[in-house]
Amino acid sequence: MAGFQDIVGHEQIIAHLKNAIALDKVSHAYIFDGPDHAGKRMLAEAFAMTLQCETVQREFSDEEETEQMTLFEMPAAVSSGVSEAAKARAAMTEPCMECHSCKQAAGKNQPDIIYVTHEKTGISVDDIRRQINGDIVLKPYSSRYKIYIVDEAEKMNVQAQNALLKTVEEPPSYAVVLLLTTNAEAFLPTIRSRCVTLSLRAVPDEQIRAFLMQCCRVPDYQADLSVAFAQGNVGRAMLLASSEQFNELKDQTVQLLRRLDSIPVCDLMQELKFLTDEKENAPDFLDLLLLFFRDVLLYKSTASSEGLIFQKQAHIVRQVSGRISYAGANRVLQAIGTADRRIRANVNFPLTLELLMMDIKEEM
């Protein structure tokens, strides 16, 4: 478990959470809405750790009245009029990582930070009643708050949401429920109306690239490809950068394109076996094709390898660019989009891939 300072991006959400702590305006329920690996859990855990941090609580225990304004987004000239006590509260919104509570939280055994568990298939009404409703009536064991983290909260069925609704309508003053979801629209309107919804936005590519290179020691060419695929998702970029399976798929895709013009049509299905045996790799394969042919167009326009995503395979990009026209490359991009729509519509998977590769082969 990490603090706010360890999170890449999501500055507005972090500012909102820090303000809530500094101004003692913590809501009883939050929804963290964003794609898988986007950072929902890190944000929720940093928030929970900070709320329970003994050092933070000592700093705020004097209950001095704080100005009702946003301290993290105001110009310096305006903030100069804010009391020193208010500024101190704003500064003390990072967990100290040293107190007993922070160490417990880092080890996932802080007794007042509760992770709601459930089956992969869904979150039942019994899960909510047993792990939240039946437990929330007990006061915190050692902290100011009792915090419940519900991951994959979109898996709550209607009965489970109605059971939770009774709790978020009239919660104890010490209760905070954090719902982590990939789809906030899956919640009942009555649930959404009683929670503060924080929607995670894409993190800028340059920020992710710098993080991968500086903190994860990822080479620049690998960082570029991971960033291009991640589409603003830091967690996904980290997974891709360290994934041997993804690197293998990338190499297989590039080598297939390099040899495609010499492969007989009757052998295409055999050449695609690495994909037809692993259908879950299809989205990444199509994305790789898109990025590769965008590199081809870029090289044809500039005659330079600078700016290519497939930097390490630039010689293959040059080869392919010499065998395809501008119009042909654009038709390939359209064919990839068509294949993607067909796969999403559950059209015959091997046939869709074969037709796509035939289209690409014809253009080359």
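Is D224 buried, partly exposed or exposed? At 23% relative accessibility, D224 counts as partly exposed. By that I mean the band between buried, under 20% relative accessible area, and exposed, over 50%, with a 1.4 Å probe and protein chains only.

Some ground rules. This is a predicted model, where local features need pLDDT of at least 70 and side-chain atom pairs count only at pLDDT 80 or more, while totals for chains, interfaces and linings use all residues. Residues are numbered from 1 along each chain as its sequence is written, and side-chain values use heavy atoms, leaving out hydrogens and water.

My topic is salt bridges, meaning a side-chain nitrogen of Lys or Arg within 4 Å of a carboxyl oxygen of Asp or Glu. The structure has 14 of them.

Back to D224. Its side chain forms a salt bridge with R209, at 2.5 Å from N to O. This pair links distant parts of the chain, with D224 in helix α11 (residues 220-230) and R209 in helix α10 (residues 205-214), 15 residues apart. Helices here are DSSP runs of H or I, at least four residues, and strands are E runs of at least two, numbered from the N terminus. R209 is partly exposed too, at 22%.

Next, E45, which is buried at 6%. E45 pairs with R41 at 3.2 Å; both sit in helix α2 (residues 40-52), four residues apart, about one turn of the helix. R41 is partly exposed at 35%.

E45 also meets K108, at 3.7 Å. K108 lies in the loop between α6 (100-106) and β2 (113-115), 63 residues from E45. K108 is partly exposed, at 40%.
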